[in-house]
Structures are given as structure tokens and as C-alpha cells.
Amino acid sequence: MNSMEEFFESQGRFANLSNNEQICRVGWFIHRIKGHDRFSPRAITDEFRSIHIAPPQASVYLQRLANRKPPLILQDKRGYFLEGRERKRLDDILLPNANTAAVSKLLSGLVDQIKDGPERVFLEEAIRCYRVAAFRASIVMTWNLAYDHLRRWIISDPARLQDFNAGSRKRFSKSPKTEVVKFDDFDDYRVRIYRCLWIRESFF
């Protein structure tokens with residue numbers, strides 16, 4: 001997450017916060033995300049305008065926050081910066097949101113790398129589950145994606161399919177054997193393939 005727009009979206013109810021809290025959070029963004037150790041009233045104003053929100057009078061609010069007892073913002077010749085305890089408070093609130101937003105963006109970028117079809121549907125559903133913190137459901141959909149991709153990878157190459165059938169006859173010699181000829185034939189191997197993947201055994 002590098003832009004103020006992404007940071008704003010990760011906040012959810014940013015616009016409903018007090019001006020003091022908004023100023024502190026934008027200052028935190030400048031510190032933690034942009035990597036600047038100082039900020040000015042102009043820098044705060046520019047970040048608000050970048051997300052099309054009317055900025056509060058940054059110079060006025062920064063001075064008020066610096067004059068509080070204890071202060072939330074400190075000032076020196078180089079500019080303003082968050083007081084240590086205030087920065088720690090915001091770290092506890094905002095770092096999880098920032099990390100989640102970054103992962104969500106990274107996952108969304110994967111969607112465009114997959115052609116339309118079942119695999120794309122599985123990935124989109126996994127991402128939707130992740131974004132609403134339904135992590136177990138996201139894991140299930142990710143396994144479905146992996147299983148679907150594995151089947152397509154095997155059946156797309158005659159040599160791999162031949163190796164698969166040879167391996168299945170050897171590994172499951174005591175089980176009813178089904179030769180995989182078409183895509184749907186893999187359904188007889190779903191649990192067995194999951195088991196091999198789970199314990200990191202070679203199927204072939």
C-alpha cells in the first residue's frame with residue numbers, strides 16, 4: 001500500500017473521524033508508509049486533497065495537537081512528527097489494516113493473470129472470502145483452485161497423463177483402479193490427490 005487512496009480505503013470510516021484523529025492518521029501515513037520522519041501543514045493538506053476530501057486547517061490543528069498536555073505531535077526546526085506514544089497507538093490500529101490492504105491488492109493482481117474459467121472463479125471467491133476475514137473458506141477455495149489447476153496441468157500433456165496413470169496404478173494398487181482419460185475422471189482421485197499434497201508425497 002503506497003498511495004493515500006489505498007490507505008483511505010483501508011480505514012473504512014475515515015471521513016467520520018474527528019479532525020484531530022484524521023490529522024494524526026495522515027501524519028502516521030506520511031511516517032510509516034511514505035517513510036518521511038517529518039511532515040508540514042502543506043504535506044498534510046496535499047494528502048487530503050489527493051483523496052478529494054476538504055482538508056481541515058492543518059496549521060491550526062497541528063499547533064493544537066502540539067500544545068496538548070501530553071502532546072500528540074511534536075515540532076522542531078525540521079517540521080512536525082508524531083509523539084512516540086501516539087505513533088505506537090496508531091501502529092496498533094493501522095498496521096494490521098495496512099498489511100491486509102497490501103495483501104488484498106497483491107491477490108487482486110493475480111486475477112488478471114488467469115484466463116476466464118473455473119480457476120479464475122475460484123481465485124476471485126478466495127479473495128472475497130479473505131477480504132471479509134472468512135479465512136477458512138478462503139483456504140478451501142484456494143485448495144479448489146490448486147486441485148483444478150493440477151488436473152488441467154496433468155491432462156494437458158499426454159506424457160504427464162501417462163505418468164499419472166502409471167503412478168496411480170502403483171500407489172493405489174489395492175484400490176479400485178480408474179484410468180484417467182477425460183477431465184471428469186479425476187473426481188475418483190480427489191481425496192487421494194489431496195492426501196498426497198497434504199503429506200508432501202510424490203504422486204508419480
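**Exercise 1. Glu at position 21**

A polar contact of 2.8 Å links the side chains of E21 and R25. This is a predicted model. Find where E21 sits, whether E21 is buried or exposed, and which residues E21 touches.

*Solution.* 
- Step 1: E21 belongs to helix α2, which covers residues 19-33.
- Step 2: judge the burial. The relative accessibility of E21 is 17%. Buried means under 20%, so E21 counts as buried.
- Step 3: look for a second polar partner. The side chain of E21 also makes a polar contact with the side chain of R89, at 2.9 Å.
- Step 4: set aside neighbours within four places in sequence. E21 is then in contact with R89 and L90.

**Exercise 2. Glu at position 86**

Work out which helix holds E86, whether E86 is buried or exposed, and what E86 contacts beyond its neighbours within four places in sequence.

*Solution.* 
- Step 1: find the helix. E86 lies in α5, residues 84-111.
- Step 2: check the accessible area. The relative value for E86 is 5%. With the limit for buried at under 20%, E86 is therefore buried.
- Step 3: list the contacts. Leaving out neighbours within four places in sequence, E86 is in contact with C24 and L72.

**Exercise 3. The whole chain**

State how many helices and strands the chain has, what pattern they follow, and what share of the residues is buried.

*Solution.* 
- Step 1: count the elements. The chain has 9 helices and 2 strands.
- Step 2: read along the sequence. The pattern is α-α-α-α-β-β-α-α-α-α-α.
- Step 3: take the burial. The chain has 204 residues, and 35% of them count as buried.
- Step 4: turn to the contacts. Consider those between residues at least 6 apart in sequence; 51% of them join residues at least 24 apart.

**Exercise 4. Helices α7 and α8**

Describe how the axes of α7 and α8 cross, and say which residues meet.

*Solution.* 
- Step 1: get the geometry. Helix α7 spans residues 135-155 and helix α8 spans residues 158-171. Their axes come within 6 Å and cross at roughly 110°.
- Step 2: name the arrangement. Angles of 65 to 115 degrees count as roughly perpendicular, so α7 and α8 are roughly perpendicular to each other.
- Step 3: name the residues. From α7, W153, I154 and I155 meet R160, L161 and F164 of α8.
- Step 4: sort them by class. The contact of α7 with α8 has 5 nonpolar residues, no polar and 1 charged.

**Exercise 5. Helices α3 and α4**

*Solution.* 
- Step 1: get the geometry. The axes of α3 (residues 41-50) and α4 (residues 58-67) come within 9 Å, crossing at roughly 120°.
- Step 2: name the arrangement. That angle makes α3 oblique to α4.
- Step 3: The crossing of α3 past α4 is right-handed.
- Step 4: name the residues. P41, I44 and T45 of α3 meet A58, S59 and L62 of α4.
- Step 5: sort them by class. This contact has 4 nonpolar, 2 polar and no charged residues.

**Exercise 6. Two backbone details in loops**

Find where H52 lies, whether H52 is buried or exposed, and which peptide bond is cis.

*Solution.* 
- Step 1: H52 is in the loop between α3 and α4.
- Step 2: read its phi. The value for H52 is near 60°, which is positive in a residue other than glycine.
- Step 3: check exposure. H52 has 75% relative accessibility and therefore counts as exposed.
- Step 4: find the cis bond. The cis peptide bond joins K69 and P70, with omega about -5°.
- Step 5: P70 is in the loop between α4 and β1 (73-76).

Technical notes
Residues numbered from 1 in each chain as written. Predicted model: local features only at pLDDT ≥ 70, side-chain atom pairs only at ≥ 80, totals over all residues. Heavy atoms only, no water. Helix = DSSP H or I, 4+ residues; strand = E, 2+ residues; numbered from the N terminus. Buried < 20%, exposed > 50% of the residue type's maximum accessible area, 1.4 Å probe, protein only. Polar contact = N/O pair within 3.5 Å; in protein donor to acceptor, adjacent residues only side chain to side chain. Contact = heavy atoms within 4.5 Å. Axes fitted to C-alpha atoms, helices over the stretch in contact; angles between N-to-C directions. Parallel < 35°, antiparallel > 145°, perpendicular 65-115°, else oblique. Nonpolar A, V, L, I, M, F, W, Y, C, P; charged D, E, K, R; others polar. Left-handed = near helix turned anticlockwise from the far one by under 90°.
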